[in-house]
Amino acid sequence: MSSPHSKSAAVSAVLLALDEGRTPERPVFREAVRSLLAVLAERAPGRSVEVRVPPYGAIQCVPGPRHTRGNPPNVVEMAADTWVELATGRIGWAEAVAEGRVQMSGVRADLSAYLPL
């Protein structure tokens, strides 16, 4: 968690709420998810993989062939709590995938090289 985004007040507030078994406030959750997605986009520039964290955000990242029309061939989707936990290192990529917390398709959809942030 070396980036300023991953140490933001929103990320800290979300992690605290999750630790306490509470659902984080929607605006705070949105800010945390979007800031961590922005870090991923910075660290893995490109447009070959679409990462979706509904309902808060989606980005395209990872070097490779650019996708422009229709459904992208490389998609990673997960819940907001899973994304925050992956991005901050609270859960590992392999563990999240094995538990079914991450849905992915395509040959470039493995984000383990970029996580945690």
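This is a predicted model: local features need pLDDT of at least 70, side-chain atom pairs count only at pLDDT 80 or more; totals for chains, interfaces and linings use all residues.
Two packed helices are described by the angle between their axes and the distance between the axes. Helix α1 spans residues 9-19 and helix α2 spans residues 26-43. The axes of α1 and α2 come within 8 Å and cross at roughly 120 degrees. Angles of 65 to 115 degrees count as roughly perpendicular and those over 145 as roughly antiparallel; α1 and α2 are therefore oblique to each other. The crossing of α1 past α2 is left-handed. On the α1 side, the contact is formed by Ala10, Val11, Ala13 and Val14. The α2 side contributes Val28, Phe29, Glu31, Ala32, Ser35 and Leu36. Sorted by class, the residues of this contact comprise 8 nonpolar, 1 polar and 1 charged.

Helix α2 also packs against helix α3, at an angle of about 50 degrees and with the two axes 10 Å apart. This angle makes α2 oblique to α3. As α2 passes α3, the crossing is left-handed. In α2, the residues that meet α3 are Phe29, Val33, Leu36, Leu37 and Leu40. Their counterparts in α3 are Ala80, Asp81, Trp83, Val84 and Ala87. The residues of the contact of α2 with α3 divide into 9 nonpolar and 1 charged, with no polar residue. Phe29 and Leu36 of α2 are listed in the contact with α1 and in the contact with α3.

Helix α3 covers residues 80-87 and includes Glu85. Glu85 has a relative accessible area of 19%. Because buried means under 20% relative accessible area, Glu85 is classed as buried. The side chain of Glu85 makes a polar contact with the side chain of Arg101, at 2.5 Å. When neighbours within four places in sequence are left aside, Glu85 is in contact with Leu18, Arg90, Ile91 and Arg101.

Gln60 is located in strand β2, which is made up of residues 57-61. With a relative accessible area of 22%, Gln60 is partly exposed. Gln60 and Glu31 are 29 residues apart along the chain, and their C-alpha atoms are separated by 18 Å. Glu31 belongs to the α2 side of the contact with α1.

Pro55 is placed in the loop between β1 (49-53) and β2.

Val62 is part of the loop between β2 and β3 (75-78). The relative accessibility of Val62 is 6%, so this residue counts as buried.

Technical notes: Residues are numbered from 1 along each chain as its sequence is written. Side-chain values use heavy atoms; hydrogens and water are left out. Helices (H or I, at least four residues) and strands (E, at least two) are DSSP runs, numbered from the N terminus. Buried means under 20% relative accessible area, exposed over 50%, partly exposed in between (1.4 Å probe, protein chains only). A polar contact is a pair of N or O atoms within 3.5 Å; within protein, one must be able to donate a hydrogen and the other to accept it, and residues adjacent in sequence count only if both atoms are side-chain atoms. Contact means heavy atoms within 4.5 Å. Axes are lines fitted to C-alpha atoms, for helices over the stretch in contact, and angles run from 0 to 180 degrees between N-to-C directions. Angles under 35 degrees count as roughly parallel, over 145 as roughly antiparallel, 65 to 115 as roughly perpendicular and the rest as oblique. A crossing is left-handed if the near helix is turned anticlockwise from the far one by less than a right angle, and right-handed if clockwise. Ala, Val, Leu, Ile, Met, Phe, Trp, Tyr, Cys and Pro count as nonpolar, Asp, Glu, Lys and Arg as charged, and the others, Gly among them, as polar.
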